[in-house]
Amino acid sequence: MFDRILPYLLAGISVGGQYALIAVGYTMVYGILRLINFAHGDIFTAAGFFMVYFAAAMPLYVAAPLVVVATVLLGFVVERVAYKPLRSAPRMSIMISAIGVSYLLQNLMWYVTGGLAKQYPVLPWISEQITIGPASTKMATVVTPVITVLLVVALVMLIKHTKIGMAMRAVSRDFETAQLMGIKINSVISMTFVIGSFLAAIGSMLYFSNYTTVTPTIGAMPGLKAFVAAVFGGIGSIPGAVIGAMLIGICENVIKAVGYTTFSDAFTFALLIVVLVFKPTGLFGEKTSEKV
Amino acid sequence: MSTVLRVKDVTMQFGGVVAIDNLSMHVDEGEIVALIGPNGAGKTTAFNCITGVYEPTNGEIAFGDCIIARSHPTGKMKKLYAGAHADKYLGARVRLSPDKITRLGIARTFQNIRLFKSQTAFENVLIATHLRRTSNPFTATLHINAAEERRMRERAMEMLETVGLADSAGELATSLPYGQQRRLEIARALATQPKLLLLDEPAAGMNPQETDELGAFIREIKDRFQLTVFMIEHHMNLVMDISDRIYVIDFGRQIAEGAPAEVRDNPAVIAAYLGVDEE
Amino acid sequence: MKKSTKAAVGTLLVAALFAGVWLAERLAGANSMLVTVLEKGAIYALIAVSMNLLNGFTGLFSLGQAGFMLVGAYTYAIFTIPAARRMAVYQYYQGGIVQFELPCLLAIVLAGVVAAAFAALVGLPVLRLKSDYLAIATLGFAEIIRAVIQYDKLGPLTNGSNLLKTYPTFDTALFPFAVAGVCIAVILMLIHSTYGRACKAIRDDEIAAEAMGINLFRHKLLSFVISSFFAGVGGALLAMYQGTVQANAFKSSMTYEILLIVVIGGMGSVTGSVLASFLFIACSEWWLRFLDVETFIGTVQVPLLRSGFRMVVFSVVIMAVVLFYRRGIMGDREFSLDAIARAFSGKKRKGARAK
Amino acid sequence: MKKVMALVLALMMVLTCAAFAEDANVIKIGVFEPASGDNGAGGKQEVLGIEYANSLVPTVTIGDTEYTVELVVVDNQSQTDKAVTAAQTLVSEGVSVVLGSYGSGVSMAGGEVFAQAQVPAIGCSCTNPGVTSLCDYYWRICYIDPFQGTVMANFAMEQGAQNAYVLTQLGDDYSTGLGFYFQQAFESLGGTVVAETFTEGTSDFTAYLNNAISAGADVVFAPSSTTSASLIINQAASMNVDFPIMAGDTWESSVILDAVKGTSVQVYCSTFFDERDESNTVAAEFVAGFKEWLNANPDKLTNNGGNDIVAAVSALGYDGYMVALEAVKAAGSASPADIAAALPGVTYDGVTGAIAFDEIGDAQKDMAYIKLANTETGEFDFVKTQTVADLG
């Protein structure tokens, strides 16, 4: 019995880990700016395309770090262009700006690639095949959970024990007061986007070495599912986002195993609505009451 | 003279912080009652409990013979609860939403003005007449309720005239000077045809001359619309001048109650306001 | 400007509009780009206004418009495919279970009603959420509706993920103009009614609105249901315009497109939404199409111009509007005959004083 | 701000009007193909076939005047809603006949627009029966899915398969149609079928392949776009599955050859044409000329997927163009209505075999080639041909 379940479990944890790396980006940005960064999924896709184009032009060991730098730069530019001018604007305008940027990034990628699917280059170590018991899969599937946990632990350490981490926690607790306390808001927010994009870049390398075709809109669905994971885990809580993502990844594969394949995406949204209505703070989030 | 509003043992706690501690008050028909106390004493929190914006942690509030709020500490709050009478209000919890309380006849103004910023002064008051509509979405959309619409507009204009803002009806609400915005909020509250009017620092930011006019104005609308007035205010002369009774609260607890004269010389009140000089 | 003259001028303007459309159709020919843009512009205008009623007038940030358009389009298509052709359309489901067909107008109204029913269902759990959670929840529902309609077991009703086609369509641009016109008129009357004012109060300040006796949930649900009704009607018109309809095309990118039309037109302005719809469709379908074609001047190829460039230019324009020109074309002002009258009289009065 | 916008718009209006200027005796043929989206790769190869045919026969004589043929190319982006817009653009440009589209869904969506405008359209490689059965203005020069499904079902049986796992894409008429007809034929031959669907934009196929393994399938039939195909093959390789994967004509493309190279996955697909089939001299001539034309122009080569392997759809595009010219000559006029009237009577011995239309508008094509994607050479090996007669 177990060896029948193993392949699904493996796939579930692997895709769960990749969602987690994206979800952490959502949670941090939402925690600080109370903004759903619609463009985050597209930054994830852009990281995929960066690798496709860089790997074609230069050796892999140069291309990989360059992809991470390019993605982080993209995240930084998106924040400075689309969100910084609207710092004091009403909540709806910022969200419309986020949707506008997502729309712009998708169209830009469509234009650059001519709308055709591109093949992701074979990364040396993590694309090899490995067999565990009956199931055989790519090294990336096994490596993903490990990398995810390591990165998240590092991030939590950064948040808990460094100055910039404390600044982030202050800003997420109360935006105005943090400013009054002399915290340079813009650099804290930029740092959040930098970290979010960095994790998205790593996540995209793992995700696309498992699923080797990159199209301009391929990042939309994983992006949305990562956000659902962030909300499910309790928006603003990084461990919550990771556990939420893992659960969603596993549930998705179990649903496909049981046979309701058409509903695997719809399930994620049904879960989102159930969480939003019955427990808006998610598994680990804390209640934020609105003062009148 | 029946009791219009009765607040029994109300405690309001935000987590561990006790905003109101075991407060009991009542307001009788036709009275002007003032609620005073130093800043942060819990006055506006009391108003928010009465108007349903907050659900009190414990205690009961009744409007006439209808209970509009009743609850007891539950869940995490059971452990944190620091007030008394924890067992007195067990049983079914009642919480009316603010719109239902306004429908019963309690209208309020806000400490920091909350006018509808994209609407003109006239439209602000017109929106408050929506409550007493008899039309449903279909008749309203197809303008079959033209008669009702005319009546609403007349009443809105009438309210504007009462507060003396008839000539700036077409102005954007937020572009009016501060004093006029305060009066517009009162006009808006009156447009819901209340029985009990809750005024939250109506004279805030007014000079003495405007404050005296306001006192006369409040007495006039009380008689004209047979209202009962329950007011939070800091201007002592206004309070002493027009209120029949005064409640004084400090740190959420009631420290004095009675006619203006008694309260003025009450040592506890003076201490709360002016602080005790250290011998 | 007296009420009677305003009514007269108003009807005159409307008549002129319809005459213009009729003339355009005669001159440019039914298949010309001008007529196509007019038809699609009218349909998108109705859908944009219905979304503006929700986002612009009631302050509810909903991203579920594509879902309700899908329900409307499918309801219309399912109930109007001629019985003779059902066997060929529902080729994998033995002709499907619906074997009767309804007249066009009845089916369009039914499309709205079914979409409104879905909205009432969706609204119950969703409307108590904060603005950004409401956005994601409605987006989620649109995706769920799309997945359910494509479910194989529902094939006999919805033809699963396959195309629905051969249902009656309109052959003159006047039809979508008339239907969209009537619907937008009804929305305008709602906005100017006491319920419309209550919605605007909710948009400005929920706490103050509730303190004035406005039941937040009921009014939000009313606005949500009405907006979805007209989105359903818009979906039915879009199905008629396209001739074929498939659930897969109603993605969230369609909702984003409509949201951006509303933003360009101006949140809270019906005129803005209508103008922006025609501008958006004219640009994306017609004027800016040359940006996609690899054009050569002499032998040298104009750089950048190749397929997809049109959408890039478009998204950049939209970002510029969202960032720097936030009020959009009309802000929240409406086209009103008084404003024009005053503008005319204003000029005369200024002129008079100058003498 | 408003003044600038007005100026820009006016300029654009002038520009687009210039393009409308009609110069004398030009006949426009609309090319209605996907240049982007999931079917972009296949669409581009079909356009190459049409362009090659146009380069060989750039003019057609109607009556006594000679008309130059102008190709009006639009991109329907492999999406039904975008297809309607693209079709309307062609109609508004005043094309006399339309060639296309690769992908049945977009063809059917465009069909409604062409029918309303009474412009005849010739489908080159769309195989779903719905394209012609429901539209009186659509003809087709390739075989249809009921035939292709039966061919692949029989072939799977010959390979000893008893239990098939059919995977089709939701919202893709070609995929659902071919899957349905394969299942129908396979079950009538005594096989058992487990069928599942995936949504557009899915990348994770491991769960589906696991379902196939746990269902004990000995063949997987997955007619899908080339984008999903490379994902399926790549993940099947990493799970080193032992069953062969079969599909329809869309998988006869270099995208599949790249994905299969160096793996142990057996991929069979049915298609309309094989460049090494010497039996048809016209075909051999076309193959040689087409390869030379491709190599002469670098970006033509990239459009073909980076090599000069002749795709079946290019051959079909070539035949489609020739049939269109035949129809124009038969009609003796450039008006769409006359061409539509002349089309049913057209017969043409094309590169992909003899073409003659039945009353629905389908070509009575009865032969399919079956190929195996060779994992070493990275080319398609010819396996066998299958005709209606063999199926019995």
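**View 1. Where chain D meets chain C.** In this predicted model, 35 residues of chain D are in contact with 31 residues of chain C, a contact being two C-beta atoms, placed from the backbone, that lie within 7 Å. On the chain D side, five helices each supply at least two residues: H1 (2-20), H3 (80-92), H4 (104-116), H5 (130-133) and H7 (173-188). H3(D) gives the largest share, eight residues. Sorted by class, this side of chain D has 15 nonpolar, 15 polar and five charged residues. Here Ala, Val, Leu, Ile, Met, Phe, Trp, Tyr, Cys and Pro count as nonpolar, Asp, Glu, Lys and Arg as charged, and the others, Gly among them, as polar. Helices are DSSP runs of H or I with at least four residues, strands are E runs with at least two, and both are numbered from the N terminus.

A word on bookkeeping: residues are numbered from 1 along each chain as its sequence is written, while chains are lettered from A and ligands numbered from 1 in the order in which they are written. As for what counts in this predicted model, local features need pLDDT of at least 70 and side-chain atom pairs count only at pLDDT 80 or more, whereas totals for chains, interfaces and linings use all residues.

View 2. The model scores ipTM 0.87 and pTM 0.89. Which stretch of chain D stays under 50? Residues 16-21 do, and the model has three contacts beyond four places in sequence for them. Where pLDDT is low, the predicted coordinates should not be read in detail.

**View 3. Chain D as a whole.** Chain D carries 15 helices and 15 strands. Its C-alpha trace spans about 65 × 60 × 40 Å along the principal axes. The radius of gyration, taken over C-alpha atoms, is compared with a globule rule of 2.2 Å times the number of residues to the power 0.38; for 392 residues a compact globule would come out near 21 Å, and chain D agrees with 21 Å. Among contacts in chain D with a separation of 6 or more, 68% link residues 24 or more positions apart.

**View 4. Chain C as a whole.** Chain C has 15 helices and four strands. Its C-alpha atoms fill a box of roughly 80 × 70 × 40 Å along the principal axes. With 355 residues, a compact globule would sit near 20 Å, and the 22 Å of chain C agrees. Buried residues make up 56% of chain C.

View 5. Strands E10 (residues 245-250) and E11 (residues 253-258) of chain B run antiparallel, joined by five bridges; two strands pair if DSSP finds at least two bridges between them. Ile246(B) stands opposite Gly258(B) in E11(B). The two strands form a hairpin with two residues between them, and Phe251(B) in the turn has a positive phi of about 50°. E3(B) (residues 32-36) runs parallel to E10(B), with four bridges, and Val33(B) stands opposite Arg245(B).

Key: pLDDT = per-residue confidence, 0-100. Buried ≥ 20, exposed ≤ 12 C-beta atoms within 10 Å, placed from the backbone.
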